[in-house]
Amino acid sequence: MTQAQGSTTLLRINASKTITGWWAAAIAVLLSALLLAVMPFSSAYAEASSPSDLENGAYLIDVTMTGGTGKAMVESSAKLEVEDGKAYATLVWSSENYDYMVVDGETIKPITQKPTSQFKVPVSAFDTPLNMIGDTTAMGSPHEIEYQFTFVSSSIQKTTDGDSNSGQQTQTSQKSTSSTDADTEEILKWVTIGSLVVALIAIGITIGVLRSYRKRR
């Protein structure tokens with residue numbers, strides 16, 4: 001092998017290493033951009049699998065109900081209070097005729113019945129139908145009716161509202177949470193766009209180097 005051939009071979013090896021390096025960098029940046037694009041969706045659906053996953057404090061949580069005749073309902077958003085791994089939800093009925101509830105064998109009296117019946121009930125699990133009994137006097141004589149309540153973990157929102165009757169403070173907390181979430185999503189969006197642009201530039205440079213190398217050959 002002549003010195004010229006050796007130099008050409010060395011240049012080809014170095015060029016090959018350079019191209020490989022560019023491709024590796026481009027792929028790494030592209031993967032990072034894709035990861036950043038997925039992050040907002042993964043964080044949006046992050047949820048607590050049980051009450052013990054939540055810190056002590058007050059929250060709002062969506063609740064669905066099945067059972068009964070369908071004449072009485074509960075408010076879809078309930079206040080959730082967590083302390084030492086135990087959670088309690090305040091169920092606000094659309095009727096004032098519920099005089100007690102039975103949850104896990106425990107009879108629970110209402111917090112109030114004016115303007116409607118409200119109960120503070122234990123929540124043992126999220127995203128699972130929990131059997132509860134409500135006793136109503138709406139039919140003239142007391143009747144116990146079985147219901148299933150499901151507390152949706154993906155809807156949980158932290159709130160600083162310490163008073164379940166303070167609607168104004170609750171609304172303020174919800175607006176603040178929504179505003180913070182919107183700001184975070186906006187930042188992540190621009191970070192994702194920037195990363196994609198950098199990835200495209202890196203790929204473009206790699207293609208340019210590859211074409212230049214081919215022309216030299």
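**Strands, contacts and surface**

Modeller: Gly57 stands opposite Val82 in strand 2. The model is a predicted one.

Biologist: What makes strand 1 and strand 2 a pair?

Modeller: Two strands pair if there are at least two bridges between them. Strand 1 (residues 57-67) and strand 2 (residues 77-83) are joined by six bridges, in the antiparallel sense, so they meet the rule for a pair.

Biologist: Which other strand pairs with strand 1?

Modeller: Strand 8 (residues 143-159) does, in the antiparallel sense and over nine bridges. Within this pairing, Val63 has Phe151 as its bridge partner. Strand 8 is also joined to strand 7 (residues 130-136), by seven bridges and again antiparallel. There Ile133 stands opposite Glu146.

Biologist: What is the order of the strands in the sheet?

Modeller: The order is 5-4-7-8-1-2-3-6, in an open sheet of eight strands with antiparallel pairing. Strand 5 (106-108) and strand 6 (118-123) are the edge strands.

Biologist: Why are strand 5 and strand 6 called edge strands?

Modeller: Each of them pairs on one side only.

Biologist: Why is Ser153 called buried?

Modeller: Buried means under 20% relative accessible area. Ser153 has 2%, so the word applies. This residue lies in strand 8.

Biologist: What makes the approach of Ser153 and Asp127 a polar contact?

Modeller: A polar contact needs a pair of N or O atoms within 3.5 Å. The side chains of Ser153 and Asp127 are joined at 2.6 Å, so the distance is inside the limit.

Biologist: How do you know that Glu81 and Lys120 form a salt bridge?

Modeller: The cut-off is 4 Å, from a side-chain nitrogen of Lys or Arg to a carboxyl oxygen of Asp or Glu. The closest N and O atoms of Glu81 and Lys120 are 3.4 Å apart, so the pair qualifies. Glu81 belongs to strand 2 and Lys120 to strand 6, so the bridge ties together parts that are 39 residues apart in sequence.

Biologist: Why is Asp84 called exposed?

Modeller: Exposed means over 50%, and Asp84 has a relative accessible area of 63%, so it qualifies. Asp84 lies in the loop between strand 2 and strand 3 (86-92). Its phi is near 55 degrees, a positive value in a residue other than glycine.

Biologist: Which residues form the nonpolar patch on the surface?

Modeller: Trp190, Ile193, Val197, Ile201 and Ile205 form it, with about 460 Å² of accessible area together. Patch residues must have over 30% relative accessible area. Ile205, in helix 2 (residues 167-216), has 35% and counts as partly exposed.

Technical notes:
Residues are numbered from 1 along each chain as its sequence is written. This is a predicted model: local features need pLDDT of at least 70, side-chain atom pairs count only at pLDDT 80 or more; totals for chains, interfaces and linings use all residues. Side-chain values use heavy atoms; hydrogens and water are left out. Helices (H or I, at least four residues) and strands (E, at least two) are DSSP runs, numbered from the N terminus. Buried means under 20% relative accessible area, exposed over 50%, partly exposed in between (1.4 Å probe, protein chains only). A polar contact is a pair of N or O atoms within 3.5 Å; within protein, one must be able to donate a hydrogen and the other to accept it, and residues adjacent in sequence count only if both atoms are side-chain atoms. Patches are made of residues with over 30% relative accessible area and no salt bridge: like charges are joined within 9 Å, nonpolar side chains (Val, Leu, Ile, Met, Phe, Trp, Tyr) within 5 Å. Accessible areas come from the Shrake-Rupley method with a 1.4 Å probe; for residues, only the protein chains shown count as cover.
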